[in-house]
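Please read the following explanation alongside the sequence and the coordinates. It begins with a ligand site and then turns to the parts of the protein around that site.

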Amino acid sequence: MAKINEDLLKERKKCSFNTAELTHLLDGGKDKTLERHSREHFFLDDPELRSKIPLEYLSHKEKYEEAVRKSCILFRKVQELQEAGKGGIENFREILGGQLGSAILKDGNPLTLHYVMFIPTITGQGDFEQQAEWMHKAWTCSIIGTYAQTELGHGTFIRGLETTATYDPKTEEFVLNSPTLTSYKWWPGGLGHSANFAIVVAQLYTQGKCHGIHPFIVQLRDEETHMPMKGIKIGEIGCKLGMNSTNNGYLGFENYRIPRTNLLMKNNKDGTYVKSPSSKLTYGTMIFVRVVLVQDCASYMKKAVTIATRYSAVRHQSEMKPNCPEPQIIDYVTQQYKLFPYIAMSFAFQYSASWLWDIYNNVTGELESGQLENLPELHALACCLKAVGTADCAAGVETLRLACGGHGYMTASNLPSTYGLATAMCTYEGENTVLLLQTARYLIKIWQNKKNIQNLPTVRYLDNALFNNRSYEKSVSWILSALQQVAAAKIDLANKHINDRVRQGKAYEDAWNETSIELVAAADAHCRTFLLDIFNLTVNNFQSISPELKAVLTDLLELYAVHTAIRMTGDLLRFTNTIGKDVEALQLWLEELLAKIRPNAIGIVDSFDIRDEVLGSALGAYDGNVYERLFAEAQKSPLNHEPVNKSFGLYLKPFLKNNL
Ligand SMILES: CC/C=C\C/C=C\C/C=C\C/C=C\C/C=C\C/C=C\CCCCC(=O)SCCNC(=O)CCNC(=O)[C@H](O)C(C)(C)COP(=O)(O)OP(=O)(O)OC[C@H]1O[C@@H](n2cnc3c(N)ncnc32)[C@H](O)[C@@H]1OP(=O)(O)O
Ligand SMILES: Cc1cc2nc3c(=O)[nH]c(=O)nc-3n(C[C@H](O)[C@H](O)[C@H](O)COP(=O)(O)OP(=O)(O)OC[C@H]3O[C@@H](n4cnc5c(N)ncnc54)[C@H](O)[C@@H]3O)c2cc1C
């Protein structure tokens with residue numbers, strides 16, 4: 001084992017709590033930690049899953065080929081685990097998104113959509129016979145699928161999709177067509193050259209009548225040769241900001257025929273077209289992915305904050321006091337302000353993600369038995385948590401990259417590619433503004449009719465929050481109550497402005513659009529009250545943890561609360577009876593908390609227990625040998641493999657001569 005950096009050794013000695021206790025708590029118990037270790041060993045210690053050359057130095061094509069190689073090994077290994085009875089949702093979570101997946105495939109996995117959307121759509125939308133026909137092939141990966149919904153012209157407004165599936169009763173087939181350029185499918189992961197099947201979302205036509213969008217199972221490529229089927233036009237969409245191995249593709253249809261039975265028919269039981277009880281049931285896979293993405297936000301944040309915090313303990317810069325040694329940059333309070341709120345935020349997102357997952361499972365269970373009443377609340381919560389979680393995660397990763405100065409800009413820090421993954425989440429699976437407007441739509445409805453509100457756990461606070469008006473106290477409960485009042489006031493005001501505009505003669509939709517900045521802000525505030533509420537409840541409910549750990553978690557909870565409150569200072573002053581002096585008190589409390597967390601900062605990120613291979617960063621490794629690692633990474637540049645590059649002879653030398 002490499003020698004550990006002296007600063008990190010000192011930091012680890014300062015820690016006031018048992019880091020293993022926190023690791024087990026975060027994993028859900030010691031058994032779960034051991035399970036995770038064994039899974040990490042299974043994947044990360046497999047030499048086949050390592051790349052000989054860093055991805056950054058490969059061409060676009062080589063990156064893709066390497067990603068396919070690794071994805072196939074990953075999927076084979078997941079199947080091995082399933083067959084050995086060591087399966088479980090955690091395997092998929094870890095290798096598809098989260099930490100293991102992004103460690104092994106830094107720039108994305110071209111086969112992810114198979115498990116994340118293709119299989120869940122067949123399960124959620126297919127009837128019994130269809131599941132019997134397709135699930136075995138899909139589970140055993142005899143076929144590889146993707147989810148083709150978005151088109152060149154429409155991603156958000158899915159009712160506006162243009163791909164058509166017209167029923168031909170003579171042959172009992174659907175005929176798929178892409179009538180315009182804008183109707184081409186555009187974006188689906190793995191669609192370019194990897195998948196041979198897809199769920200295609202298209203407008204269903206029977207007897208000249210359009211019945212709206214429906215999902216179909218469609219074969220794209222020959223199962224033996226992988227050649228595109230006749231009538232299918234397919235390819236990759238090209239380079240992107242990040243995720244350059246995910247093989248996002250385009251797809252067009254020219255009179256392409258599929259059997260009638262390929263229309264997923266869970267809601268059309270007798271095989272003739274029957275309108276489903278809610279058209280929104282077709283949107284179920286999107287809810288599922290939004291729910292799992294919130295967990296990924298916590299994972300990426302933990303990874304980025306571990307890298308930046310360890311680096312900040314190792315890095316020394318400037319003089320705080322004359323003639324004193326250069327301090328560790330983690331001792332600058334501005335630096336602490338860049339790091340510690342994101343440590344706290346990782347906890348907030350992990351706890352809310354876990355609540356959301358439970359709510360999701362309850363509600364989908366109810367849907368199976370035809371109960372739809374809790375779907376709107378789930379949809380509203382999933383939308384805002386996905387939007388706020390991914391936005392905070394992307395902003396957090398960028399702040400943490402900046403916190404690492406110049407070295408944070410190196411791909412060797414692994415912060416740029418983590419940002420590429422995080423910022424993509426803000427757009428896919430529902431663009432964030434659009435999702436916040438979905439939450440706002442729900443909140444306005446609730447505000448206008450509070451009859452049933454006490455049965456709705458995520459919004460019941462709105463019943464009386466408008467009049468909380470508590471005087472300032474240095475407590476999480478005060479901040480929560482103030483945030484709830486802000487959320488209620490913002491919803492109330494937005495509702496009033498919509499009504500005013502309608503009264504002035506505007507159409508409701510125009511009034512909505514004119515009020516939409518306020519509506520987005522209201523949904524954002526609602527989401528932040530939920531995040532704090534759940535963090536608070538979770539920490540208060542821990543019964544059997546040590547007092548030392550409880551103290552650290554309480555510091556983090558308080559930091560999360562105060563940081564949120566300070567970010568919303570204007571709202572507190574505007575909508576609650578907070579006064580200037582209270583804001584000053586909040587600021588002092590924040591500074592006090594940063595100082596309290598400082599000695600435990602390294603201990604907390606160590607407790608995240610993220611292996612070096614997962615961090616993938618010269619700046620964040622456990623041993624803290626930052627400079628040695630940066631130097632070693634630089635040697636991997638192909639330019640350093642020869643003393644003089646051929647461009648010297650070709651261009652530089654003649655240029656230098658000409659300038660003589
Ligand atoms: C077997 C597998 C096992 C395990 C796998 C396990 C784990 C996986 C684990 C980890 C994976 C983790 C991460 C994944 C990693 C990487 C991911 C990589 C790639 C990601 C791929 C991304 C894929 C995509 O992007 S797919 C495309 C997504 N597209 C969108 O999201 C489109 C956004 N647009 C919409 O959702 C809608 O169009 C709209 C909501 C904006 C508007 O719709 P519409 O116009 O039809 O609605 P309205 O007329 O406005 O009506 C609104 C009413 O409907 C209600 N509504 C809307 N949506 C829903 C919904 N989804 N559910 C319920 N209700 C909904 C709405 O509330 C309105 O109701 P009202 O009563 O009328 O008010
Ligand atoms: C990395 C990546 C992977 C993807 N993978 C897949 C995939 O596997 N399968 C798939 O089908 N799709 C996929 N997508 C597509 C993705 O789901 C869409 O890009 C996303 O839903 C946003 O839709 P859009 O591109 O049409 O954005 P637009 O809707 O055109 O958004 C542009 C702007 O318009 C605004 N806007 C749009 N509508 C409204 C409104 N009603 N009110 C207010 N503002 C509005 C938005 O806020 C945004 O600022 C992927 C996208 C990315 C980036």
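In this predicted model, the shell around ligand 2 divides into 10 nonpolar, 10 polar and 2 charged residues. The shell comprises 22 residues, and those that come nearest to the ligand are Gln149, Thr150, Gly155, Thr156 and Thr433. Helix 13 gives the most, with 3 residues.

The position of ligand 2 can be understood from the division of the chain. The protein chain is divided into domain 1, which covers 1–45 + 283–624, and domain 2, which covers 145–282. Both domain 1 and domain 2 give residues to the shell around ligand 2, so the ligand lies between them.

The direct contact between the two domains may be considered next. Taken over C-alpha atoms, the centres of domain 1 and domain 2 are separated by 36 Å. Where the two domains meet, 11 residues of domain 1 are in contact with 10 residues of domain 2. On the side of domain 1 that touches domain 2, helix 9 (284–314) and helix 12 (415–427) each supply at least two residues. Helix 12 gives the most to that side, with 5 residues. In composition, the residues of this side of domain 1 divide into 5 nonpolar, 5 polar and 1 charged.

Helix 11 (residues 375–402) and helix 16 (residues 516–541) pack at an angle of about 90°, and their axes are 9 Å apart. Helix 11 and helix 16 are therefore roughly perpendicular to each other. Helix 11 makes the contact through Cys384, Leu385 and Val388, while helix 16 contributes Ala523, Asp524, His526, Cys527 and Arg528. The residues of this contact divide into 5 nonpolar, 1 polar and 2 charged.

Finally, a database annotation may be set beside the model. An unreviewed UniProt entry lists residues 478–657 as "domain: Acyl-CoA oxidase C-terminal". In the model, this span is 76% helix and 0% strand, and its end C-alpha atoms lie 73 Å apart.

Definitions and conventions: Residues are numbered from 1 along each chain as its sequence is written. Chains are lettered from A and ligands numbered from 1 in the order in which they are written. This is a predicted model: local features need pLDDT of at least 70, side-chain atom pairs count only at pLDDT 80 or more; totals for chains, interfaces and linings use all residues. UniProt positions are given in the numbering used here, feature names are shortened, and annotations may be inferred rather than shown by experiment. Helices (H or I, at least four residues) and strands (E, at least two) are DSSP runs, numbered from the N terminus. Axes are lines fitted to C-alpha atoms, for helices over the stretch in contact, and angles run from 0 to 180 degrees between N-to-C directions. Angles under 35 degrees count as roughly parallel, over 145 as roughly antiparallel, 65 to 115 as roughly perpendicular and the rest as oblique. Two residues are in contact if their C-beta atoms, placed from the backbone, lie within 7 Å. Ala, Val, Leu, Ile, Met, Phe, Trp, Tyr, Cys and Pro count as nonpolar, Asp, Glu, Lys and Arg as charged, and the others, Gly among them, as polar. Domain bounds come from an automatic or database domain assignment. A residue is near a molecule or strand if its C-beta atom, placed from the backbone, lies within 6 Å of it.
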